[in-house]
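This report describes the chains of one model and the way they meet. Please view the sequence and the structure below before reading on.

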Amino acid sequence: MSSQLLTYIFVGLSFATYIAIAIWSRASSTNEFYVAGKGVNPIANGMATAADWMSAASFISMAGLISFLGKDGAVYLMGWTGGYVLLALLLAPYLRKFGQYTVPDFIGTRYYSKTARLVAVLCLIFISFTYVAGQMRGVGIVFSRFLEVEIQVGVIIGMIVVFFYAVLGGMKGITYTQVAQYCVMIFAYLVPAIFISILITGNPIPQLGFGDTLVNSSTYLLDKLDQLSIDLGFSAYTENTKSNIDIFCITAALMFGTAGLPHVIVRFFTVPRVSDARKSAGYALVFIAFLYTTAPAVAAFSRVNFIESIQEKSYLDSPDWFKNWENIGLIAWQDKNDDGLINYSAGKPFEGSRPIFSDEFGSQGQREIKNLPTLDNSNEVYIDRDIMVLANPEIAKLPAWLWL
Amino acid sequence: MSSQDYWKANLKLLSVLLFVWFIISFGFGIIFSEFLDQFSLGGFKLGFWFAQQGSIYGFVILIFVYVIAMHFLEKKIGIKEEENE
Amino acid sequence: MSTAAGLLLVISSSISHDLLKKTFMPKINERQELFYARCSAAVAIIVAGLFGIYPPAFVAQVVAFAFGLAASTIFPALFLGIFSKRLNKEGAIAGMLAGLIFTASYIIYFKFLFSELDSSSYWLLGISPEGIGFLGMIINFLTAIVISSASSKPPIEVGKMVDKIRLP
């Protein structure tokens, strides 16, 4: 069976399940539509919150982002988990006790003012629309890449599916589809992560393999990665490049932002009791932590894989993903020293910020670009900023349908 | 125990837990991270481990400590919750 | 996609519940409110889809924007609402607006208007647009507290409500 057919079957089955759940749990009152009738078990709510959290931005892209950023990537790891402590300790139990349906509801009542409610609605719509715009784009890109349709068509498919379970089922439908999605996602993420970990370090637990020695060697993975990065002219993988004040502020903004995101807060309105709101935040963080402690390990593994699979390899023997993304235009290779080998290092490979492809092909079959090569470094590879995000599953050999 | 004592005890608990929250993330993971990097934990530099692994484990533990502590506090004050109020 | 659904739901409930039921059309009954909730969800999906087809900027930039705004507007209003009885409506509204305007203008300035200036030598105190929400939050807190203490106390019922939510 071809992998394309498998992808179709898998996507089809998951959508059928999601839509079936939405129809089964469709809302018949506003209480059910807004807050799932306040009857969601705290563990189920924890899973739903985790699935809600693992958006396109933080799911696959996470590992890709960190493998590019090295230690700086910790701003996302801490920033997107630490906020749950604030939620559990400072907000969730009290807002659940308040017992209304929306975040502006609380602000409007507590500050006894319609104006306050309207300002809160304004902020909420602003926040949610900026967030959702990114999400729909992500959904479109994934569909277009794996169902081989245009991005626009991908977005429309996504819209139809979301329409079914959000409009019919409301919060109730969304909660139970998210529980199903969480189970699929975490399984699909952990299994390949365990395999790469065994492959590279011989340790089946990625969180430990991350700090383990390489197979058949006494060198630690992270020491090797530091060495590789320095050799190529990057700064060491385990050191920061951003200033401490910037790292501090980004982490803080993401943490407090997490605690202020309306779609996360509302999840804690759906449990039966105040104590359940606290527990539920704890379970949510456990489920999120499975992914967020695995992601930096996958990031390190795929960074090693990435460098070792292209550095000084001949273009003809380069991996499939390299050529696939070159075809799409997110990777470019310019053989500056005419040796037919890919030389990857720090520095801009050519003048200008993006490659301008001509229709010609070079001696090795690579796509020729019109940009002038830079002379101050020997880097020959252009990698789009989004590439590690999008190509990471292929580099790390993770299955592609994870994003759905 | 009055409801005012309950709130005071809660605030005290919150300040302790949030202090730990700050230290393991902003402290060990960012401000003192470079200093901690001279120690190692297996193949990890300690500061790096806190930034990319340890702080997250700490967050999970903190929430459950709070859940358990509040459970006992609520027992002491004799609160029984009702569903779906 | 799971995230998109959750986001669309909070948008639709704040429109049908907060804008319609609680502000502009208080007379609608529950069935009508549910109907409007579904309609606004449908409209929100279409708008979100248009954003997806004609994206305003890079995905990552847009998401950082959302977090900064949430930190500088919603979080302080909720936190102060629970932990302070003194904070009044003037303080809360001024705080949210100050946080929103400060954070949004900083991000728009560096990410959309003058993206060529987006480097540490031009940033305020060396803070990048991704992290500015933290400063926005501090501004929100300060504004809210100062304005509150300069204006009248909130009504007694508010104090009672706060006491009630503090007990489980």
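Contact is taken here to mean heavy atoms within 4.5 Å. By that criterion, 51 residues of chain A and 40 residues of chain B take part in the contact between these two chains. The model is a predicted one, in which local features need pLDDT of at least 70 and side-chain atom pairs count only at pLDDT 80 or more, while totals for chains, interfaces and linings use all residues. Residues are numbered from 1 along each chain as its sequence is written, chains are lettered from A and ligands numbered from 1 in the order in which they are written, and side-chain values use heavy atoms, with hydrogens and water left out.

**The chains**

Helices (H or I, at least four residues) and strands (E, at least two) are DSSP runs, numbered from the N terminus. Chain A has 16 helices and four strands. Its radius of gyration, taken over C-alpha atoms, is 23 Å, close to the 22 Å of the globule rule for 404 residues, so chain A is as compact as a globular protein of that length; the rule is 2.2 Å times the number of residues to the power 0.38. Domain bounds come from an automatic or database domain assignment. For chain A, this assignment gives domain 1 (3–301) and domain 2 (315–391), and the centres of these two domains, over C-alpha atoms, are separated by 33 Å.

Chain B consists of three helices and two strands, which follow the order α-α-β-β-α from the N terminus. The radius of gyration of chain B is 18 Å, well over the 12 Å that the globule rule gives for 85 residues, so chain B is more spread out than a compact globule.

Chain C contains seven helices and zero strands. Chain C is divided into domain 1 (1–54) and domain 2 (58–168), whose C-alpha centres lie 25 Å apart.

| Chain | Box filled by C-alpha atoms (roughly) |
|---|---|
| Chain A | 70 × 45 × 45 Å |
| Chain B | 50 × 25 × 20 Å |
| Chain C | 50 × 45 × 30 Å |

**Chain A with chain C**

The size of an interface is often given as the accessible area lost when the parts come together. Buried area is this loss for two parts, found with a 1.4 Å probe and summed over both. Chain A and chain C bury about 8300 Å² between them, with 78% of that area on carbon and sulfur atoms. Of the area that chain A buries against chain C, A:R110, A:Y111 and A:Y112 supply 9%, more than any other three residues. In terms of contact, 100 residues of chain A meet 90 residues of chain C.

A salt bridge is a side-chain nitrogen of Lys or Arg within 4 Å of a carboxyl oxygen of Asp or Glu. Between chain A and chain C the count of salt bridges is zero. A polar contact is a pair of N or O atoms within 3.5 Å; within protein, one must be able to donate a hydrogen and the other to accept it, and residues adjacent in sequence count only if both atoms are side-chain atoms. Nine residue pairs, with both residues at pLDDT 80 or more, are in polar contact between chain A and chain C.

Helix α7 (residues 114–146) of chain A provides the largest share of the side that touches chain C, namely 26 residues. That side divides into 67 nonpolar, 23 polar and 10 charged residues. In this grouping, Ala, Val, Leu, Ile, Met, Phe, Trp, Tyr, Cys and Pro count as nonpolar, Asp, Glu, Lys and Arg as charged, and the others, Gly among them, as polar.

**Chain A with chain B**

Chain A and chain B bury about 3900 Å² between them, and 69% of this area is on carbon and sulfur atoms. Which side chains meet in a salt bridge here? They are those of A:R278 and B:E74, at 2.5 Å from N to O, and the count between the two chains is one salt bridge. Polar contact joins four residue pairs of chain A and chain B, both residues being at pLDDT 80 or more.

On the side of chain A that touches chain B, α5 (74–98), α11 (221–231), α12 (244–260) and α14 (274–310) each supply at least two residues. Helix α5 of chain A gives the most, with 14 residues. The residues of this side comprise 29 nonpolar, 13 polar and nine charged.
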